[in-house]
Amino acid sequence: GIYEYRKVIFFGYLIVCFAIVSGVVAIFSVKKYEAELENVKQKNIAKEIWTVLKTPFMKFLIVPNFLRGIGSGILGMSAVIMIAQLGASESISSLLSVAMAISVVIGCIIFGQIYRKIRVIKCVLFGGLIGTVFLCLMIANKNPMVFVLMYSLTWLFFTFVDYGIPVYVTQIVGYEHMGTYSAIRMLTHMSGTTVATFISGKMIDNNSFLLLLLGGACITISVVSYYVFEKTLGRR
């Protein structure tokens, strides 16, 4: 609102690039422990992918990961939903980015304090179910500030899901398959996000509430499936 748009974006991208380079430098400065790597032999890539695809955790969780991607993609359309349904200005909708950042930080702090005391799969289930409630309440009230509040609470609890699932994966997937499984899991998740963008384009003008319900349903099915997997197949 104060400076010319292109200048803001240009300097914003410079800051992002600096942050990414700093992160890479930090990663390479971390001490590496090679003990487990010594027991992991190089495998044929195609064979390794096929091996991972046949594992119970891949076959059981591939659909939940896809559905979680749809839910996350719909949540990512929140700013558009806010403008389309509530008539909010771009300046108010920009608060969503700030709200998300604050909520994620708070969510990470809370998650870091409780996941060692409560089983991580319960954190995932709790965060997904409560976050879904707030997701579906975003446009229940036509007040933009209520929308921002519900959005903030949604992100706070979904942080338990976003950070809990990678932690849980380390408990069920062997070290030798971790890289391959994580790559396939993220590919599946991003495929769901892509589908969500397509669906949102069709529903956002006339059926935004149903769109949010769909996103909530996908997240709910996903976290419940993870919980059922833990209860039925257990840890490796």
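Guide: What follows is a set of questions and answers about the fold, its helix pairs, its salt bridges and its surface.

This is a predicted model, in which local features need pLDDT of at least 70 and side-chain atom pairs count only at pLDDT 80 or more, while totals for chains, interfaces and linings use all residues. Residues are numbered from 1 along each chain as its sequence is written, and side-chain values use heavy atoms, with hydrogens and water left out.

Visitor: How many helices and how many strands does the protein chain have?

Guide: Helices (H or I, at least four residues) and strands (E, at least two) are DSSP runs, numbered from the N terminus. Read from the N terminus on, the elements run α-α-α-α-α-α-α-α-α-α. The C-alpha trace spans about 60 × 40 × 35 Å along its principal axes, and the count for the chain is 10 helices and 0 strands.

Visitor: What share of the 236 residues counts as buried?

Guide: A residue is buried under 20% relative accessible area, exposed over 50% and partly exposed in between, with a 1.4 Å probe and protein chains only. For the 236 residues of the protein chain, the buried share is 37%.

Visitor: Is H9 roughly parallel or roughly antiparallel to H10?

Guide: Two packed helices are described by the angle between their axes and the distance between the axes. Axes are lines fitted to C-alpha atoms, for helices over the stretch in contact, and angles run from 0 to 180 degrees between N-to-C directions; under 35 degrees counts as roughly parallel, over 145 as roughly antiparallel, 65 to 115 as roughly perpendicular and the rest as oblique. Helix H9 (residues 178–203) and helix H10 (residues 208–232) pack at about 160 degrees, with axes 10 Å apart. Therefore H9 is, relative to H10, roughly antiparallel.

Visitor: Which hand does the crossing of H6 and H8 have?

Guide: The axes of helix H6 (residues 95–114) and helix H8 (residues 144–172) come within 8 Å and cross at roughly 40 degrees, so H6 is oblique to H8. A crossing is left-handed if the near helix is turned anticlockwise from the far one by less than a right angle, and right-handed if clockwise. For H6 and H8 the crossing is right-handed.

Visitor: Which residue forms a salt bridge with Asp-162?

Guide: A salt bridge is a side-chain nitrogen of Lys or Arg within 4 Å of a carboxyl oxygen of Asp or Glu, and the structure holds 2 of them. For Asp-162 the closest N and O atoms of the pair are 2.9 Å apart. Asp-162 lies in helix H8 and its partner in helix H3, so the pair ties together parts that are 94 residues apart in sequence.

Visitor: How far apart are the closest N and O atoms of Arg-119 and Glu-230?

Guide: Arg-119 is in the loop between H6 and helix H7 (120–136) and Glu-230 is in helix H10, 111 residues apart. Arg-119 counts as partly exposed at 39% relative accessibility, while Glu-230 counts as buried at 7%. In their salt bridge, the closest N and O atoms are separated by 2.3 Å.
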